[in-house]
Amino acid sequence: MSDPRTTPSIFTRGAVDLSALRTPAPAKPAAPSRPAASDGAPSGAVPSTLPGLAPETIIDVTEADFQTTVLERSLDTPVILDFWADWCGPCKQLSPVLEKLAVEGQGAWVLGRVDVDANPRLAQAFRVQGIPMVLAVIGGQPVEGFTGVLPEVQIKQYIDAVLKAAGVSTAGAAPEDPRLDAADDALMVGDLDAAEAAYKKILAESPADAAAEAGLAQVELYRRINGQDPASILARAEADPADLEAQRLAADVEVLSGQAEQAYARLVTLVKRTSGEERDAVRKHLLSLFAVAGPDDPAVAGARRALASALF
């Protein structure tokens, strides 16, 4: 697991060669429909625009129209690209969240959906090694993103950071909190000490601030996993189900790998098998992972019900 202090900022401009994509590739058949959401509902049910809204919020990007749909559009409006495939299970979790947030953004940014099977040149140009993968294009240039499934609160933080980098001001958006901006900036560049102090200061002044609570939980998560080898942790947990430390660290690894539901299930199972102080420690660890995702995450709601059942 990389040390957050040495992880590049999301605003590091990647050395991605987009020149070949400025010449449209031969037209291809339309890409298949978006993958269905994890609950079985087709994600295509999310409209690309809301009634009365002129700007598109969700578009399907192909090699043939990349020049106009992404590069030229990004000169005025940031485009966030979602690289997906129909066979990709995690894509079915991430894509509906991105689509919902794009609609809520009301044209402040555009979600570009890229089917990697139908558009291999785009996947190659952006060096896609795993999906789902998300990155942004601002002013015709790529901006670093993330791979895997993240909690919605972290996706929102990424989108907010992209909009801030693009100088976009969304009408009707809640006023920015400079305290939270400073804390988030510190977390983005890996300064965990500064981020922790900033989030704690916010919570001391506003104890119910969910964003600050989520930020502090992320700091604690990064601290626990810093310097650890994810593969070794998962192997250790698999080899010894009774090793509570390994099980808790394995849940941390799963959350950071976009497998939050698996992490929650792991710890709920552990709650059922333990008692006394051990059970309480596992319960608190699970609650800290809930805080990372935020209260609105549907996976958290389900896991909370499972936790309540395990406890009572």
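A residue is taken as buried when its relative accessible area is under 20%, as exposed when that area is over 50%, and as partly exposed in between, with a 1.4 Å probe and protein chains only. The structure is a predicted model, in which local features need pLDDT of at least 70 and side-chain atom pairs count only at pLDDT 80 or more, whereas totals for chains, interfaces and linings use all residues. Residues are numbered from 1 along each chain as its sequence is written, and side-chain values use heavy atoms, with hydrogens and water left out.

Helices (H or I, at least four residues) and strands (E, at least two) are DSSP runs numbered from the N terminus. Strand 2, which spans residues 79–84, is mostly covered, with 6 of its 6 residues buried. In a regular strand the side chains alternate between the two faces of the sheet. In strand 2, Val79, Leu81 and Phe83 point one way while Ile80, Asp82 and Trp84 point the other way, and all are buried.

Two strands are considered paired if DSSP finds at least two bridges between them. Strand 2 pairs in the parallel sense with strand 3 (residues 110–115) over 6 bridges, and within this pairing Leu81 stands opposite Gly112 of strand 3. With strand 4 (residues 133–138), strand 2 pairs in the antiparallel sense over 5 bridges, and here Phe83 stands opposite Met133. Strand 2, helix 2 (residues 89–105) and strand 3 make a right-handed β-α-β unit, the crossover being right-handed if, with the strands pointing away from the viewer, the path from the first strand over the helix to the second runs clockwise.

Rings of Phe, Tyr and Trp (its six-membered ring) pair if their centres lie within 6.5 Å, and planes under 30 degrees apart count as stacked, over 60 as edge-to-face and the rest as tilted. A search of the whole structure finds 4 aromatic pairs. Among them, Phe146 and Tyr158 form an edge-to-face pair, at 5.4 Å centre to centre and with 90° between the planes. Because Phe146 lies in strand 5 (residues 141–147) and Tyr158 in helix 4 (residues 152–166), this pair ties together parts that are 12 residues apart in sequence. Both Phe146 and Tyr158 are buried.

The ring centres of Tyr264 and Phe290 are 5.1 Å apart and their planes lie at 80°, so this pair is edge-to-face. Tyr264 belongs to helix 10 (residues 260–273) and Phe290 to helix 11 (residues 276–293), so the pair ties together parts that are 26 residues apart in sequence. Tyr264 counts as buried because its relative accessibility is 2%, and Phe290 is buried with a relative accessible area of 1%. Phe66, Phe83 and Phe126 form one aromatic cluster.
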